[in-house]
Amino acid sequence: MPRLPVLLAAVATVVAGLGVRVLWDGPVPKCAGDALYTVLIYALVVLALPRVRPWVAAAASGGLSWAIEFAQLGEIPAVLRPLLGSTFNPPDLLWYAVGAAAACAAHTLWARRRSP
């Protein structure tokens, strides 16, 4: 996959995550933020490995998000808490899966649209 669209998608993901926090209160920004966190990881995987298959990128990004969440059961160093969080929350696992699935679907549709 060409890197420029992936880079733009990563930037749009960050903007969307910040925008959700500005526009909504309550559970919406939390759930959307969790899903978008995984979408950003997905984009970073595709940036690093442009030929990665969508399902592999989804498994990697979802798996990494889950690993980070489970790491919160232990002690996260204070300097990393803004990036990795500090409190394990089981529903976050669902939203990471939603983000990985959405990114995989978008990537698959993009790839099908671009191939003859």
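Trainee: Which helix gives the largest share of the lining of the largest pocket?

Mentor: Happy to start there, and keep in mind that this is a predicted model. The largest pocket has a volume of about 620 Å³ and is lined by 26 residues. Helices α1 (3–23), α2 (27–48), α3 (54–71), α4 (81–84) and α5 (91–114) are the elements that each give two or more residues to this lining. The largest share, eight residues, comes from α2.

Trainee: How many residues in the lining of the largest pocket are charged?

Mentor: Those nearest the pocket centre are Arg21, Gly33, Asp34, Tyr37 and Leu83. Taking the whole lining, 12 residues are nonpolar and eight are polar. The charged ones number six.

Trainee: And how many charged residues line the second largest pocket?

Mentor: That pocket holds about 320 Å³ of space. Of its 17 lining residues, Ala9, Val39, Tyr42, Ala103 and Ala106 are the closest to its centre, and α1, α2 and α5 each supply at least two of the lining residues. The lining divides into 14 nonpolar and three polar residues, and the charged count is none.

Trainee: Back to Asp34, then: is it buried or exposed?

Mentor: Good one to ask, as the side chain of Asp34 meets that of Lys30 in a salt bridge, at 3.1 Å from N to O. Both residues lie in helix α2, four residues apart, about one turn of the helix. Asp34 has a relative accessible area of 8%. Buried means under 20%, so Asp34 is buried.

Trainee: What accessible area does the nonpolar patch on the surface have together?

Mentor: The patch is formed by Leu4, Leu7, Leu8, Val11 and Val15. One of them, Leu7, has its place in helix α1 and counts as partly exposed at 43% relative accessibility. Together the patch residues have an accessible area of about 480 Å².

Note on methods
Residues numbered from 1 in each chain as written. Predicted model: local features only at pLDDT ≥ 70, side-chain atom pairs only at ≥ 80, totals over all residues. Heavy atoms only, no water. 1 Å grid on protein atoms, 1.4 Å probe; cavity = no way out; pocket = protein on both sides within 12 Å on 5 of 7 lines; lining within 4 Å. Points joined across faces, edges and corners; volume = space filled by probe spheres on them. Nonpolar A, V, L, I, M, F, W, Y, C, P; charged D, E, K, R; others polar. Patch = residues over 30% accessible without salt bridge, like charges linked within 9 Å, V, L, I, M, F, W, Y side chains within 5 Å. Areas by Shrake-Rupley, 256 points an atom, 1.4 Å probe, with all protein chains shown as cover. Salt bridge = Lys/Arg side-chain N within 4 Å of Asp/Glu carboxyl O. Buried < 20%, exposed > 50% of the residue type's maximum accessible area, 1.4 Å probe, protein only.
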